[in-house]
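Here's a quick look at how this chain packs on the inside. Have the viewer open as you read.

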Amino acid sequence: MTRRSELRYVYAVCRPLGDAPLQADLTGVAGAPPGLVEHHGLVAVVGDVPERDFAEAPLRSHLEDLDWLTGTARAHQRVIAALSTVTSPLPLRLATVFRDDSGVRTMLEQEGDRFRAALDRLAGRVEWGVKVYVEEEAAAAEPAPAAEPAAASGRDYLRRRRAERAARDDTWQRAERFAQELHDELSGQAAATRIHPPQNPELARTSGRNVLNAAYLVGRSASEEFVETVDATKDREPGLRVELTGPWAGYSFSGPEGAEGGEEQP
């Protein structure tokens with residue numbers, strides 16, 4: 001039974017696990033092993049967390065602490081990843097917390113129809129992320145300063161700068177065309193897609209400019225073909241970088257807007 005000094009942290013909702021339990025040594029947020037709360041054919045995957053960190057006021061403060069937030073997110077994802085090996089879970093928002101199991105069951109009762117619809121949509125499917133970047137060198141489209149002869153006149157200088165701008169414009173047009181063609185091809189292999197806003201390179205801590213940031217909900221049995229399609233594009237266009245991540249639980253498709261076959265534009 002949850003002690004008064006502890007709250008119930010909810011990672012995900014899923015169908016009953018049957019004979020496929022989570023590994024015994026799995027730990028989640030605050031180092032606690034996950035447990036299960038069942039209600040009317042739905043299962044909430046939960047864990048005990050200290051009230052001193054997850055009550056409303058301290059949690060609000062912690063969410064502004066990047067180190068704390070990163071550690072909590074990793075622990076959260078560790079449980080979701082383990083759960084994804086035995087079922088197709090519906091992940092819940094980070095730091096979804098209730099006072100006790102009664103509060104968790106109330107959530108399952110009130111949101112039951114939405115949860116069941118989402119679980120039906122995610123059943124047997126995983127999420128893959130695909131990003132396309134314009135490499136910094138291609139985006140700059142300028143020769144190294146040492147290799148650039150001095151302009152003979154102001155007119156030569158302006159002509160050179162116009163040529164550089166034209167090269168950059170051509171690079172962006174080529175990148176956008178490539179990203180759209182890749183997205184169209186991958187969408188044909190996915191049950192649903194989501195296009196997210198481009199990533200900020202400073203926040204993402206990666207190089208290049210992001211021109212496609214998309215998620216694809218793909219059947220497990222179709223995932224090998226999907227990965228091969230992405231891999232075949234990685235060297236197709238010089239100066240463009242394609243990154244594939246996954247498979248993940250269906251984070252991008254957990255809300256009602258992620259209806260099967262739907263697509264959201266940024």
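What follows covers the ground rules, the cores, one histidine and a cavity.

## Ground rules

This is a predicted model, where local features need pLDDT of at least 70 and side-chain atom pairs count only at pLDDT 80 or more, while totals for chains, interfaces and linings use all residues. Residues are numbered from 1 along each chain as its sequence is written, and side-chain values use heavy atoms, with hydrogens and water left out.

## Nonpolar cores

A nonpolar core here is a set of buried Ala, Val, Leu, Ile, Met, Phe, Trp, Tyr and Cys residues joined through side-chain atoms within 4.5 Å; buried means under 20% relative accessible area (1.4 Å probe, protein chains only). The largest one has 22 residues, and Y9, Y11, L22, V29, V45, F54 and L83 touch the most other members. At least two residues each come from β1 (6-14), β3 (42-50) and α3 (66-84), with α3 giving the largest share, six. Helices (H or I, at least four residues) and strands (E, at least two) are DSSP runs numbered from the N terminus.

Leaving out residues up to four places away in sequence, L22 touches L17, P34, V45, A82, L83 and V86 (contact: heavy atoms within 4.5 Å). Another core of 21 residues lies apart from it, with V126, F178, L186 and V218 among them.

## H62

H62 sits in helix α2 (residues 56-62) and counts as buried because its relative accessibility is 17%. Beyond residues up to four places away in sequence, H62 touches D53, W68 and L69.

## Cavity lining

Among the residues lining the largest cavity are S84, R125, V126 and W248.

Notes
Buried means under 20% relative accessible area, exposed over 50%, partly exposed in between (1.4 Å probe, protein chains only). On a 1 Å grid over the protein atoms alone, a cavity is a set of points where a 1.4 Å probe fits but cannot get out, and a pocket is an open set with protein on both sides within 12 Å along at least five of seven lines; lining residues have an atom within 4 Å of a point.
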